[in-house]
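Work through the exercises below with the model open beside you. Try each task before you read its solution.

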Amino acid sequence: MIIDGYTTPGTQRETILSAADLLQQMDDVGVERAVIAPEDREIAVDHESGNNRMIKMARNSANRLIAACSVSPWHTDAPKKLAAAADRGAKMLVLAPMLQGFIPADDLVRPLLEQVGELGLPVYFHTGPHTGGSPAQVAIVAEQHPKARFILAHGGSTDHAWDMLAVLRHHALPNLWYELSLVRPWSVPGYLELVGPNRLIFASSAPRNDLGFELKQFDQYVPVKDYPQIYGGNIAGLLEGSAT
Amino acid sequence: MIVDCHTHWGTEWQERDGLEPTRWLREFDRHGVTHAIVLPHLGLIDAGNIPSDNDAVATVCAKSKGRMLPFCTVNIWQPETALSELSRCLEQMNFRGIKFHPWLQGCSVSDPVMDEVADAAGTAGVPVFFHDGTPPFSLPSQMALLAKRHPKTQIVLGHTGLFEHWRESITAIRSTPNVWGCMCSPHLAALKAILQGGDLSRLIWGSDQGWTLNDLIDYRLPLMDCLDLTDQQHQAIFSENPRRLLGI
């Protein structure tokens, strides 16, 4: 079963994509399930409605779409808001330091990271943007929060991608996974060599990318038939809480 | 005609193939790419090797029967040497443009010496091609201001802002008639927005082929197919615009 580890079906700017269209795109290329996350404006200023939209979309998808939520760490009651979203069905916390205005190592985010550990949700960190999007910044925070399970997204693409080989080679952690959307597909065999297949997660970031195009490109470098963990097993384990 | 406006005579290619472009051209033939701007690589990461790498780029391109169009680089931290090398490359060696990777080269687009380089490029009628999308030295806005100070010089954003600054690249292109955007590296949604919001007459395409030994054209050329370009757009981006920019 192929699972797309990150998509943003939305209504604005470059993330306009309905649930029906996403499901159709998945059907077209044999993707069974997908994680769905709020779009940029929701993550930045209106996470509550974004979370509700994702949860509702997931509930109406016959179990094919999996809701992720976001909470700004600037909220003084952020852990409570996260617990409420999880209670309604959210399976993963998404943090986007650039959109939400923090750097990963800021103590501001500590209460949320402690809460995800207690709730058993994985936390997905966007990387890439220059000030708060380095893989090193996520790796060091993951090291400080061993009870939380971290998904380092996008491999720092593009300029922070240079961090990745050092992180993978020297700072791999039992609570750190690597999501591959926006990672250049030809880089993935190098990742695989360093950390093996049980730490990597295929995702498209549709509609920023075309799901079918990305899947085909990744398949050339890391064949779907050889690595079921990358194309679904790992994210399924994280969302079910079984991956350790 | 398909012109790949962003390639490098990469260090790994140079180590493997020396100054022989046969394998390079074979890969281009396989993808239907007819011409390419060939930027340096070693010269961008090792200032001490700039003259010899400029020579290497010129030599390999000279063996391509006009298909590989060489761009040089200089080290603006040594202004006199930089301008002298620039003069050698443009006046004696027929380089078709100048390349800077300000992040790797550790130099600001706003450095006064860059103004002298831009002036020289304008006088010679060749474009200045930048890596862009990376602060603090490589932002589209910094390049747009340089372009505004030197309206006769064509300035190319080599990545149209990458993943983080592609919106800024649209503003830079729209606001500055001598700024060009090379559609190389942003994601699909960003490329769509650049196509809609930029100026079609100053958009070109590139693959970054040569930066590694991987076949980057194999990803970035079919990615452009996902844009469903009209014939007019295709012709402009892959052929007409680069021909106008490069005078070919």
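**Exercise 1. In which loop of chain B is B:Pro136 found?**

Solution. Step 1: find the flanking elements. B:Pro136 sits in the loop between β5 (128-130) and α8 (140-149) of chain B. Helices (H or I, at least four residues) and strands (E, at least two) are DSSP runs, numbered from the N terminus.
Step 1: look at the peptide bond. B:Pro135 and B:Pro136 are joined by a cis peptide bond, with omega about 5 degrees.

Before going on, note the ground rules. This is a predicted model: local features need pLDDT of at least 70, side-chain atom pairs count only at pLDDT 80 or more, and totals for chains, interfaces and linings use all residues. Residues are numbered from 1 along each chain as its sequence is written, chains are lettered from A and ligands numbered from 1 in the order in which they are written, and side-chain values use heavy atoms, with hydrogens and water left out.

**Exercise 2. Trace the open sheet of chain B.**

Solution. Step 1: write the order. Eight strands run β1-β2-β3-β4-β5-β6-β7-β8 with parallel pairing. Two strands pair if DSSP finds at least two bridges between them.
Step 1: find the edges. β1 (3-8) and β8 (203-205) of chain B each have a single partner strand, so one side of each lacks a neighbour in the sheet.
Step 2: take the twist. From one strand to the next it averages 30 degrees. Axes are lines fitted to C-alpha atoms, for helices over the stretch in contact, and angles run from 0 to 180 degrees between N-to-C directions.
Step 3: check one pair. β1(B) and β2 (residues 35-39) of chain B run parallel, joined by four bridges. B:Val3 stands opposite B:His35 in β2(B).
Step 4: Contact means heavy atoms within 4.5 Å.

**Exercise 3. Which strands stand at the edges of the open sheet in chain A?**

Solution. Step 1: the order of the six strands is β4-β5-β6-β7-β8-β9, with parallel pairing.
Step 1: the edges are β4 (69-70) and β9 (200-201) of chain A; each has a single partner strand, so one side of each is left without a neighbour in the sheet.
Step 2: two bridges join β4(A) to β5 (residues 93-95) of chain A. A:Ser70 stands opposite A:Val94 in β5(A).

**Exercise 4. How many residues does each chain bring to the contact?**

Solution. Step 1: chain A gives 23 residues and chain B gives 25 residues.
Step 1: A:His130, A:Trp186 and A:Phe213 supply 29% of the area that chain A buries against chain B, more than any other three residues. Buried area is the accessible area (1.4 Å probe) that two parts lose on being put together, summed over both.
Step 2: between the chains, the buried area is about 2100 Å², and carbon and sulfur atoms give 60% of it.
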